[in-house]
Amino acid sequence: MSRNTVDKALSMLRSLPRVALNNIRDNPGSKMTQKRGRAQHGGDKHGAGNKGSGQRQNYMRLGYETGNWPFYLRFGYEPYYKGHHLRRQYPPLTLFQLQMMIDTNRVDISKPIDLVSICNTGLFRLFPDQHQFGFNLTEEGADIFQAKINIEVQWASELVISTIERAGGVITTAYYDQHSLQCMINSKKFFERGVPIPKRMIPPKDAIEYYTDPSKRGYLADPEKISHERLVLAQKYGYELPVIEKDSSYEMFLERKDPRQIFYGLHPGWVVNLKDKVILKPQDEELLQYYNS
Amino acid sequence: MFLKRLPALFLNKCNILCPKYQHISYLNSPFVVDIENKKVNYEVTNSIEDWKYIERALAPIVVPIPTPKDKYPSEWKPQGQNLNSKPYFIPRTKNHMLPVYLHISQRGIRRITKVRNIQGDIWLLERHLRDFIQPLDIRPIRSQINEFSGYIRFYGDFVNAIKHWLTKHKF
């Protein structure tokens, strides 16, 4: 091979595109398509077999049992789980996990705990698009739980409520709609989008009863009735209710969100600019009316 | 001739296949009716009081360091001091936990306990752990030591037992 040919080949290579996944193909002849034989024995059955629906290509309908009463019609319809794909889900977070987060400083108990601070630990993930509407604080670890906290959950049992209150804390159950939850699961990402904080919607018809019930510590319940229910639960479970009014962090225990609020201290309608560290607050009467109603 | 034409073809194809990337959002789609440039009255504030609430809503960038406390109801304990004198050492993970894990395989039949990130005399640690675990099982303990990667694997679920032993020895 002369030098000229080598140079030509190299210059050609230089102008050619790199070999990549988008420009390679199989070797010629590596893939053989099957052909239908036509000769003396090649043209016998062509893979369709001998006799029956296989040969005649007249298959039975799905579920048909050639004369039997079909299995799919043999029993009555019992829709136990009707609408399960539409129901609200509350993935569990145990009291033990919460205590572990407190012990390892993953959540700050000097401030109220809510879904935002639980998601900010990075140890709990929520998927609102999969019909998850917040977390359910469950009973595991109720015997060791000892922290004084102001916590807002989406679902809690009676034992969990009594455990939190026995330790000298406060618990509220609160509802968030899907748009609010999308803002809460990753607050930094939400603020960076530069859209106004939405207003929280009221619970749907079938959740109103739970969130207005003082025995469930609903956020829409009458506060006086809640304090009465606190006493009732203390008598039922047989413990002396700690006096939170005399606690040094009483002000923190009183901190609650407005039913329209998503983040503590931030009003719906505000736009947060993380880069310049400023907050834009709307002043139009129309907007104020919308976000306050 | 054909080869010379190829690069140009390739380039053209590339332009068609990779148009300028645009973030897909309903905010990017044009309005059906032109609503002009509507101005909204906004008050720009940089009050420190409000910004405290923003900082509260934002996640910490790194995992917080646990402060020493009087009691730990969850039985988690921080790593002890002065572990230099011991022949082996296991550093905590970035989440301040013990690197002891349970691997379940074969449809839940095989359970293997793995102790990771072991530094120092791994053979001695294996002997100590084996002596502690052996009374918990009637069968002889089977184990595997990987000195290069610094892990020990025990056949069976001994996660809580090993964690208990390690916390007792202040790891």
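Is R74(A) buried, partly exposed or exposed? Let's start there, everyone. R74(A) has a relative accessibility of 43%, so it counts as partly exposed. Keep in mind that this is a predicted model.

R74(A) has a partner. Its side chain meets that of E65(A) in a salt bridge, with 3.2 Å from N to O. E65(A) has a relative accessible area of 23%, so it too is partly exposed. Remember that the partly exposed class begins where the buried one ends, and buried means under 20%.

Now for a second pair. R217(A) forms a salt bridge with E165(A), and here the closest N and O atoms are 2.6 Å apart.

The side chains of E255(A) and R56(B) meet in a salt bridge, 3.3 Å from N to O. E255(A) lies in the loop between α11 (250–254) and β6 (271–273) of chain A, and R56(B) lies in helix α2 (residues 48–57) of chain B, so this pair joins two chains. E255(A) is partly exposed, at 22% relative accessibility, and R56(B) is partly exposed too, at 24%.

There is also a network of salt bridges, which links D114(A), E152(A) and K257(A). How many salt bridges are there over all chains? The count comes to 17.

Chain B has four helices and seven strands. If you walk along from the N terminus, the elements run α-β-α-β-β-β-β-α-β-β-α. Of the 171 residues in chain B, 26% are buried. The accessible surface of this chain comes to about 13200 Å², and carbon and sulfur atoms account for 56% of that. As for contacts, take those in chain B between residues at least 6 apart in sequence: 61% of them join residues at least 24 apart.

Back to chain A, and to its surface. V6(A), L10(A) and L13(A) make a nonpolar surface patch of about 250 Å². If you want to find it on your screen, look for L13(A) in helix α1, residues 3–15 of chain A. L13(A) has a relative accessible area of 56%, so it is exposed; the cut-off for that is over 50%.

Next, the pockets. Rolling a probe the size of a water molecule over the atoms shows where empty space is left. What is the volume of the largest pocket? It has a volume of about 1300 Å³. The lining of the largest pocket is made up of 39 residues, and those nearest its centre are C183(A), F190(A), R193(A), V195(A) and P196(A). Several helices of chain A each supply at least two residues of that lining: α5 (115–120), α7 (178–185), α8 (187–193) and α12 (285–292). Which helix gives the most? That is α8(A), with five residues.

Let me finish with the backbone. Most residues other than glycine have a negative phi, and most peptide bonds are trans. With that in mind, have a look at K51(A). This residue is not a glycine, yet it has a positive phi of about 60 degrees. You will find K51(A) in the loop between α1 and α2 (52–56) of chain A. Its relative accessible area is 60%, so K51(A) is exposed.

H96(B) is not a glycine either, and it has a positive phi of about 60 degrees. H96(B) lies in the loop between β2 (88–89) and β3 (100–105) of chain B.

One last stop: N68(A), which is found in the loop between α2 and α3 (71–74) of chain A. With a relative accessible area of 48%, N68(A) is partly exposed. How far apart are N68(A) and K51(A) in space, and what about in sequence? They are 22 Å apart in space, C-alpha to C-alpha, and 17 residues apart in sequence.

Definitions and conventions. Residues numbered from 1 in each chain as written. Chains lettered and ligands numbered in written order. Predicted model: local features only at pLDDT ≥ 70, side-chain atom pairs only at ≥ 80, totals over all residues. Heavy atoms only, no water. Buried < 20%, exposed > 50% of the residue type's maximum accessible area, 1.4 Å probe, protein only. Contact = heavy atoms within 4.5 Å. Areas by Shrake-Rupley, 256 points an atom, 1.4 Å probe, with all protein chains shown as cover. Patch = residues over 30% accessible without salt bridge, like charges linked within 9 Å, V, L, I, M, F, W, Y side chains within 5 Å. Salt bridge = Lys/Arg side-chain N within 4 Å of Asp/Glu carboxyl O. 1 Å grid on protein atoms, 1.4 Å probe; cavity = no way out; pocket = protein on both sides within 12 Å on 5 of 7 lines; lining within 4 Å. Points joined across faces, edges and corners; volume = space filled by probe spheres on them.
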